[in-house]
Amino acid sequence: MTGWLIFIAVLLVLIVLFQVTRTLDLVSQLRGDDDRQLEQNTKLHATGLFIFMVLGIIGFFWSFRHYSDTNIPVASEHGVYIHNMFIATLIVTGIVFVVCNVLLFVFVYMYRYRKGRQAVHFAHSNKLEFIWTVIPTIVLTGLVVFGLQAWTKITGPSSNDALVFEMTGQQFFWTSRYPGADGKLGLRDYNLICPENPLGVVTKEYVEHRLNLLEGNAALGVMGEIPSLQKRKEELPALIANLEAEIAKRPNRYKKEELEAELETLEDELEDIDDKIKIRMLNVERIKNKYTEDYYMANSEAMTWGYDDILPSQLHLPVNKEALAKITALDVLHDFDVPHMKVKMDAVPGMPTSFKFTPTITTAEMRQTLSSNPIWQKVKEGDTDPMWMNFNYEVACAELCGVGHSAMKYILVVETEAEYEAWLAAQTPYWNAVASSLKISGLSELAPRPVVEEAASDSTAAPAAADTTAIAINY
Amino acid sequence: MSQETTIRENLETHIDEHAHDHGHDHHDHHQSFISKYIFSTDHKVIAKQFLITGIIWAIVGGGLSVLFRIQLGYPDADLNWMRPFLGKWITPEGHIAPEFYNALITMHGTILVFFVLTAGLSGTFSNYLIPLMVGARDMASGFINMLSYWFFFLSSVVMAASFFLATGPASGGWTAYPPLNALPQAATGSVLGVDYWLLSIVLFIVSVLLGGLNYITTVINLRTRGMKMFRLPLPIWAFFLTAVIGLLSFPVLLSAGVLMLFDRNLGTSFYLDQIYIGGEALANAGGSPILYQHLFWFLGHPEVYIIILPAMGIVSEVLSVHSRKPIFGYTAMVYSLLAITVLSFIVWAHHMFVTGMNPFIGSIFVIFTLIIAVPSAVKVFNWLTTLWRGNIKLNPAMLFAIGFVSLFISGGVTGIFLGNSSIDVELHDTYFVVAHFHLVMGVAAFFGMFAGVYHWFPKMFGRHLNSTLGYIHFWGTIICAYLIFYPMHFEYMLPRRYPTHAGFDTFGMFAQLNEFITIAAIASFAFQLMFVFNFFYSIWYGRKLRVQNPYHANTLEWTTPIRPGHGNWDGEIPTVYRWAYDYSKHGRDFIPQTEPLSAYELEHGEHGDESDSDIIQHEKHNG
């Protein structure tokens, strides 16, 4: 009721205001002296624009002070180049922004309409136009040159001893992977992805396991996705018929609607089930075509790289050491975004990308820096410490990837070399955790694999070259 | 050449006779409501159809932005009262569902970029002004022109229908990148919404191409006697080049869209490769999501010039008329439009610096992108000089034109950051980008459009808009526009398209600012509704236009009757003797294009710096 009253009150006020504006228009019309009216209006609004400009410029400078605490410190080597370019561009464009806007509003104020005055017929001037074509060209050339210098440094090849790690985006989380003691990331093949092998790392056992999961293996007691889908396909018509009969019997409307919804789900399932079977059969076909005895012979060494790969729950990087992020995606586009490091690179399914960067501030140092920043003094709900004490570098997703886009947070810890080594030593290869749960023949033989030693010493051999579909990430 | 002249003359005589026939027996009488207002072939009626459809879409698109701004500014607000309208898109806690948020931003972008700022702006003013300003009875083909509108209408219907799908409209961003938009299992909006989206865009492209062909043909072939290309008013140059850009770039989007439809429905793999989603390894192999981005931005970037060039043209005209001065550097203005037209085709990959594209290709696009700032800067300086020593009349049209220049400067300078690939690494897909393009092509284009509507409303409807409401509209809009988008630059680390940033400590410091921006956005929307009211009220009840040429303007549209019929001029089409910008020349306030040059007078551009000598005379005159 009050809502309606407020609504009506607002409506009445609006009507009154409109009538006032109408009257103003009519009065000016009746007065007849259009020129004087225009002169007055012009003066009013020219003054308004002038005040708007003054307030705007004050606001412009004030805002830099006001928001200075929100700037996040630069924590990477190349981030400094970007920051310097940003500041240089800010100064150049800041001058243009202020000068042009001031000229605009000052001209409007100075040359506002006055009756009887005449404008100057000034249609062109080659000299002026030449000047303001050449000056922007020179300034922009400078920005291009410095910008491209920075760009070349940022995107140039990484050094040979860079620390390589891999980030894989999928809806809606990141998975990171470090090479183990052999220094090599295992080959990957999206056809082999399954719960025990979330990135599709290629090893002989994973190939067998994936085939068993798809096709089933009676000896191991695995039903297999394809046989279960086929069985479901045979069952569905009967289930649907039963449900239809049930619906026909029900006089109760409410229950009936519920059953009808269920029926629709079943019908949809039946409609899609052939596609599901086909997708899995093609998956089997691709695996079988690729992983032949010949393939195993040719890639015998590369097939072992994956055993010691580490899939940690956080990223850890040593400070002041170049890191090379290998970035991939499983399903849709994602983007590996580390705001403090000024790192941003798309993760593209089917096309590995990379970004090299050198962190320069450890997490601990950054906490120290933020301890004097008022914004980070806040205590979050359910927390007892101010925010800076729990600060962590955060990885985000910067390319729209669907409904959980804003949930793709991952923690990056930057620490000293010694701390990093200690952390790395404490990590166990992913293989060790899952090997025993794989559904493959000869399970008892499968103990955690030792590191293949010759692989580490001989880094020039690249048998992965023969492999075209696996995402071979090792160079 | 002679053949062309003959055709033109034949056409003119033909239409002349036609117009006379109608003129004699009150042509309104013959036409039914349907043929006059619905399936009309009169460019003026079609222009109004585009304008009103555009306004309706602008309300929808702006309304959507209010909804997602509420989510950003007041994430805890209880929106349960919206459930009767939005149903399951409101979560049980009374918040906007994340998939709905994505649909909102997607539809907001699509509607405003394509339906409002392309169809509503270019469609309205190209249609309305080209024949009137070049001195033609109508477009080269009235029928194709009518088809252009009705394809737009169909496209609108399909897009509107997608709102009512059970799985919702497209929700993968207005750029519709695959695989998110190519795979139904990737998002609810991709189940069916994207098919509707693509179909709608395909129809829209047909509309743009039909319209554009007409604009180009009309400007080239149907100019009246004496209307040389370099006597054309600047809006016509802008509309002409806009149509050329559209004609060359929209077909590429069409191909991108059709390939996506194939990927979605026929099992092809143009954009898909090695995808594991929903527990399945898909069979698609060999495609590239980056290919789509190249195809999309080959239109997508020229598209922003399709949006801004008409606004630039309109503003040039309005600034000149109301400051009673010739537009400064007419030739430079034309050449800078041409330069922008050409360069707009070779800058597209600056949207893709961090997509994994080869960095060397990126550096080439940096160079072209920053070069395009030069003609833009020249235009700004020329507008400023146009105002210098003018006699500036501030009616709402002029205020909006001045606002356009300010916004174009403020939004344009940030393009220098984004065009430089190294800085773009930091700023890509953040609120800095959102602030940049909203100022420079969103709000600025709207200001150009408003300037045009306020300036030509009396010509269009034979009545005046209420100018007090116009002034309020201007002040409300420019203040809100700056309050919304200027502080947004400080959110330069916040990723776009997040319904909430609360999950990240790094992004959590802007809750207060987001609330402030939301308030400004809602206020801005209210001011636009006031304009819409003023617009429709004034069509029927506005003060009547009683003079033929209320602004003392030089261009041909003001030589037509106050309420021109189909055919525009009652008698013969006027002949043109000079350019459109002889304001304050030789002591005269204005000299219409139809007035022959006097014996001692030289036409603009016929020799060196006539204007310079003019200014010297003026100095002497003033002592």
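In the predicted model, strand β3 of chain A and strand β9 (residues 410–415) of chain A run in the parallel sense and are paired over four bridges. Within this pairing, Leu315(A) is found opposite Leu412(A) of β9(A). Both strands belong to an open sheet of five strands in chain A, arranged in the order β3-β9-β8-β5-β6, in which the pairing is mixed. The edges of this sheet are taken by β3 (315–318) and β6 (343–347) of chain A, each of which has a single partner strand, so that one side of each is left without a neighbour in the sheet. From one strand to the next, the twist averages 25 degrees. Helix α10 (residues 417–426) of chain A lies across β3 and β9 of chain A, and its direction makes an angle of about 140 degrees with β3(A).

A further set of pairings involves strand β1 (residues 163–170) of chain A, which is mostly covered, since six of its eight residues are buried. Strands of a sheet pair through backbone hydrogen bonds, and they may do so in either a parallel or an antiparallel manner. With strand β4 (residues 323–329) of chain A, β1(A) pairs in the parallel sense over seven bridges, whereas five bridges join β1(A) to strand β2 (residues 173–177) of chain A in an antiparallel arrangement. The residue Thr168(A) has a bridge partner in each of these strands, namely Thr328(A) in β4(A) and Thr175(A) in β2(A).

The buried residues of α5(A) are Glu205(A), Tyr206(A), Val207(A), His209(A), Arg210(A), Leu211(A), Leu213(A) and Leu214(A). Just after α5(A), the backbone reaches Gly216(A), which takes a positive phi of about 90 degrees.

The two chains also meet each other, and the contact between them takes 95 residues from chain A and 104 residues from chain B. On the side of chain B that touches chain A, the largest share, nine residues, is contributed by helix α13 (residues 396–419) of chain B. When the residues on this side of chain B are sorted by class, 57 are nonpolar, 31 are polar and 16 are charged.

Methods: Residues numbered from 1 in each chain as written. Chains lettered and ligands numbered in written order. Predicted model: local features only at pLDDT ≥ 70, side-chain atom pairs only at ≥ 80, totals over all residues. Contact = placed C-beta atoms within 7 Å. Helix = DSSP H or I, 4+ residues; strand = E, 2+ residues; numbered from the N terminus. Nonpolar A, V, L, I, M, F, W, Y, C, P; charged D, E, K, R; others polar. Buried ≥ 20, exposed ≤ 12 C-beta atoms within 10 Å, placed from the backbone. Pairing = 2+ DSSP bridges. Axes fitted to C-alpha atoms, helices over the stretch in contact; angles between N-to-C directions.
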